[in-house]
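Okay, everyone, thanks for coming.

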Amino acid sequence: MKIVVCDRLEAKATRKLQEKYDQVVLLESPDRQTIIEHSADADAIIVRSHTVIDRTIIENSPRLRVLGRAGSGSYNIDVEAASKRGIVVLHTPFISSTSTAELAIALLIGAARKLKEATADMAGGKWDRGALNGLELSGQTVGIIGYGNIGRKVAAITKAIGMEVLAYDPYVRYQQTESPVADLVSLDELLTRSTAVIVCCPRTPETAGMFNAALFARMRAGSLLVNVGHGQVVVEKDLIAALDSGHLFGAGLDVFEEEPTRRETAVVQHPRVYTTPHIGAATMKAQEGVCTDIVDKVIGFLDNGYISGSINLPVVDENTEVNIQGYIELAGKLASMVSQLDPATTRLCLQVNGKLAYSDTGALENRVAREFLLARRQEASDINARFLLDDQGISISLGKADQGSAFVNEVEVATDNYSLKGTLLADKFPRIVEVNEYKIEAVPQGTMLFFRNYDRPGVIGSLGRLLGEKNINVANMRLGFRGDDEAIAMVNIDTAVDAATLQEITRLDNIIDCFQLEFT
Ligand SMILES: NC(=O)c1ccc[n+]([C@@H]2O[C@H](COP(=O)([O-])OP(=O)(O)OC[C@H]3O[C@@H](n4cnc5c(N)ncnc54)[C@H](O)[C@@H]3O)[C@@H](O)[C@H]2O)c1
Ligand SMILES: O=C(O)[C@H](O)COP(=O)(O)O
């Protein structure tokens with residue numbers, strides 16, 4: 001097993017790797033060519049935020065199974081390229097969130113209380129207290145952009161300071177089971193009400209350049225900006241203009257448009273910008289934590305496929321009221337069935353109703369994509385299936401509602417021509433409960449016949465006779481109706497029928513069409 005470590009890890013973490021594997025290559029700030037050479041036969045690559053792992057490196061590493069990022073953000077890894085190859089990308093999302101939140105508060109207080117000027121005055125022998133009046137934070141409102149691991153820690157600390165806490169995060173609505181410390185509000189409300197805005201979100205196509213001149217103009221006059229998320233969320237020249245015009249009171253930045261940031265850069269030179277060299281995670285506890293955690297995770301994956309803290313594979317939270325694993329498997333069965341019924345569809349729509357909507361449903365989406373492709377006999381994994389669907393021009397969309405279904409929780413998978421709904425009886429037993437508006441209660445397992453028929457006497461009898469003649473045992477049969485003269489049936493059979501028998505069934509009186517389905 002060959003492990004390539006591209007950035008410096010704490011000694012304890014590297015020792016763990018060396019005790020475990022015979023080939024551990026330790027590179028420090030390697031150039032791209034060196035990485036390409038060493039990763040050509042690597043099973044795992046571990047990086048911090050410095051080394052960029054791009055598509056070329058990934059595509060030239062045929063043995064690569066896992067990429068480990070000691071830290072939270074994944075901006076230096078081409079996660080899409082890794083996912084397409086089925087490579088799992090692991091990270092350490094929680095470990096440096098406290099240290100980073102604390103730094104955000106340090107920058108906030110520094111900028112609010114003019115600490116840079118105050119310490120410079122002292123060092124220069126100046127004692128002019130009147131020039132150093134700052135802002136008192138208690139009683140003011142803070143707005144947090146990105147209510148994830150860091151954002152929630154920042155919320156707790158600022159609340160303790162006595163601030164009113166607002167947050168803007170378009171993706172957390174259904175991920176909150178406990179009452180949030182912050183009030184989740186629109187971006188506009190946050191900007192107009194906050195005296196301090198703290199950026200705790202990653203760089204994404206949506207957030208890149210988000211804090212520009214137009215957005216600064218929407219912030220309150222005399223307010224503060226802190227950024228510990230990603231440097232490219234803030235347009236530095238627009239920030240300088242907002243400070244110089246007097247619109248903003250001050251700013252604190254730990255992350256920059258370009259890193260390492262040069263001394264001459266305007267934000268570094270500006271008297272009212274507090275800058276630190278990307279040290280959110282730079283406490284001894286966090287450093288040792290991210291390094292040993294990523295090494296443990298990479299070893300866990302290589303040893304027994306155990307995955308926790310993955311960027312491209314949502315980890316299922318088993319400590320929730322809802323049996324999420326059960327719903328993932330149910331969603332997979334629905335996807336497999338629609339794939340067998342409607343293989344040429346151009347879209348897959350996953351709808352989640354009930355308490356399940358509050359869970360992270362990324363794993364359900366991955367499973368739907370995977371089972372849809374596997375049913376079409378295409379190789380796919382939970383990691384790469386959504387990308388493979390995308391390459392084939394098949395869209396996958398997700399809808400959520402916390403009510404509106406007859407069941408406590410319900411999953412629907414729809415295509416161009418079919419809509420299937422399912423639930424878990426007693427939160428345990430998978431059932432298909434609706435097929436194109438026909439109500440049913442079928443058990444999706446093994447080999448099944450699914451047919452539509454005109455609702456006339458004798459249909460079930462003639463099917464039973466035919467299957468009996470072919471020595472095929474019926475294990476279970478469920479009928480479905482929707483209030484017109486058509487019906488459906490789902491029949492669990494002990495052995496598969498051959499193509500000729502399937503034809504014979506289709507030709508039986510009053511049968512409209514019949515499919516044989518396989519559930520794994
Ligand atoms: N300064 C540092 O040293 C340091 C240390 C750790 C992490 N980070 C960076 O901080 C960022 C956040 O880390 P985290 O661990 O809290 O991640 P996280 O994934 O737990 O939280 C990020 C949050 O941002 C939200 N978000 C995404 N797009 C958004 C948008 N358009 N508007 C508002 N919110 C949006 C997400 O929904 C998520 O809740 C990452 O970019 C990470 O690299 C910096
Ligand atoms: O996302 C992160 O974890 C931060 O950007 C810090 O990264 P680093 O400490 O590994 O540079």
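So, how far is an oxygen atom of ligand 1 from an N or O atom in the side chain of Ser72? The answer is 2.9 Å. That's a polar contact, meaning a pair of N or O atoms within 3.5 Å; within protein, one must be able to donate a hydrogen and the other to accept it, and residues adjacent in sequence count only if both atoms are side-chain atoms.

Quick housekeeping. This is a predicted model, where local features need pLDDT of at least 70, side-chain atom pairs count only at pLDDT 80 or more, and totals for chains, interfaces and linings use all residues. Residues are numbered from 1 along each chain as its sequence is written, chains are lettered from A and ligands numbered from 1 in the order in which they are written, and side-chain values use heavy atoms, with hydrogens and water left out.

Back to ligand 1. Asp254 puts a side-chain N or O atom 2.8 Å from a nitrogen atom of the ligand, and for His278 a polar side-chain atom is 3.4 Å from a ligand oxygen. On its own, ligand 1 exposes 850 Å², and the protein buries 87% of that (Shrake-Rupley areas, 1.4 Å probe; for residues, only the protein chains shown count as cover). The shell holds 29 residues, and Ser72, Asn149, Ile150, Asp169 and Asp254 are the closest; to be in it, a residue needs a heavy atom within 4 Å. By class that's 15 nonpolar, 11 polar and 3 charged, with Tyr and Cys counted as nonpolar and Gly as polar. Domain 1 (2-91 + 285-304) and domain 2 (96-275) each supply at least three shell residues.

Now ligand 2. Among its neighbours are Ser72 and His278. Its oxygen contacts include the Arg69 side chain at 3.0 Å, a polar backbone atom of Gly73 at 2.7 Å and the Tyr75 side chain at 2.7 Å.

Last, the domains. Besides those two, the assignment, which is automatic or from a database, gives domain 3 (317-436) and domain 4 (441-519). The C-alpha centres of domains 1 and 3 are 32 Å apart, yet 6 residues of domain 1 are in contact with 5 of domain 3 (heavy atoms within 4.5 Å). And an unreviewed UniProt entry places "domain: ACT" at 448-520.

Note on methods: UniProt positions are given in the numbering used here, feature names are shortened, and annotations may be inferred rather than shown by experiment.
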